[in-house]
Amino acid sequence: MGFREINPKMIEATVEPGRRLFSQRGAMLAYKGEVSFTPNLRGGQGGVMSMIGRRVANEDTPLMTVEGSGTVLFGHGGHHIQVIDLSGDTLYVEADRLLAFEGTLEQGTVFLGSQGGVMGMVRGQVSGQGLFTTSLKGHGSVAVMAHGGVIEVPITPQRPVHVDPQAYVAHHGDVRNRLSTALGWRDMVGRGSGEAFQLELSGSGAVYVQASEEKL
């Protein structure tokens, strides 16, 4: 099924019988055909536990289940949209950046500390994002939102990538993250996140970086 990019701020999704989509509430711009939109109470394939995890994480971003037969145009707030195709791996992304994703993907909630230890927890506080993040695993397409466009930066074992936490959008692959400081603690008072903190991602995969430090 997948998503087709109409322009940098709008995508088109084909809805087929027996195959569901999930979208952020308010993301539908227009549709053609016999398509229904109903509030989702189970949180995708992740079920009730995924929904509870998002509530604990204060990431209770409302989702709509999209079903039927037709096409739907999605967009939200004039934000740039990046389509990411997954082929069996896992994407990690904040819930409020999710525009839409295919129902073939399994949704879960991940505690950042489980990936980056204590520094992963600190990253959540510094960036203003939750200590929890949403995971999407399997085969299917995901549309995420960002400010000012997105670039995909490869991560290889020989070449870790350092990202301003405010510019981080998502990552996938076998990747570890940890927060490092570019300055001493006394020097960090009054500094922006990019001047004081850097998110280091190592392993094999890719990280998506937005062209702005502005939050959604």
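Student: Which residues have the most contacts inside the largest nonpolar core?
Tutor: They are Leu91, Phe101 and Val142, in a core of 17 residues. Strand 6 (80-93), strand 7 (98-102), strand 9 (132-146) and strand 12 (168-181) each give two or more residues to this core. Strands here are DSSP runs of E, at least two residues, numbered from the N terminus. Apart from this core lies another, of 16 residues, including Ile11, Leu21, Val72 and Leu99.

Student: What makes a set of residues a nonpolar core?
Tutor: Its members are buried Ala, Val, Leu, Ile, Met, Phe, Trp, Tyr or Cys residues, joined through side-chain atoms within 4.5 Å. In soluble globular proteins, nonpolar side chains tend to be buried together.

Student: What are these values based on?
Tutor: This is a predicted model, where local features need pLDDT of at least 70 and side-chain atom pairs count only at pLDDT 80 or more, while totals for chains, interfaces and linings use all residues. Residues are numbered from 1 along each chain as its sequence is written, and side-chain values use heavy atoms, with hydrogens and water left out.

Student: Which residues does Phe101 contact, beyond its neighbours within four places in sequence?
Tutor: Among them are Phe3, Leu63, Leu136 and Val142. Contact means heavy atoms within 4.5 Å.

Student: Is Ile6 buried, exposed or partly exposed?
Tutor: Partly exposed. Buried means under 20% relative accessible area, exposed over 50%, and partly exposed in between, with a 1.4 Å probe and protein chains only. Ile6 has 36%, so it falls in the middle class. Ile6 sits in strand 1 (residues 3-7). Leaving aside its neighbours within four places in sequence, Ile6 is in contact with Ile11, Glu12 and Leu73.

Student: Why do Glu12 and Arg4 count as a salt bridge?
Tutor: A salt bridge needs a side-chain nitrogen of Lys or Arg within 4 Å of a carboxyl oxygen of Asp or Glu. Between Arg4 and Glu12 the distance is 3.1 Å, N to O, so the pair qualifies. Side chains of opposite charge can pair when their charged atoms come close.

Student: How do you know whether Glu12 and Arg4 are buried or partly exposed?
Tutor: Glu12 has 17% relative accessibility, so it counts as buried. Arg4 has 48%, so it counts as partly exposed.

Student: How many salt bridges does a search of the whole structure find?
Tutor: Two. Arg178 and Glu200 also meet in a salt bridge, at 3.2 Å, N to O. This pair links distant parts of the chain: Arg178 in strand 12 and Glu200 in strand 13 (residues 197-210), 22 residues apart.

Student: What makes Glu200 buried?
Tutor: Its relative accessible area is 15%, so it is under the 20% limit. Arg178 has 42%, so it is partly exposed.

Conventions:
Helix = DSSP H or I, 4+ residues; strand = E, 2+ residues; numbered from the N terminus.
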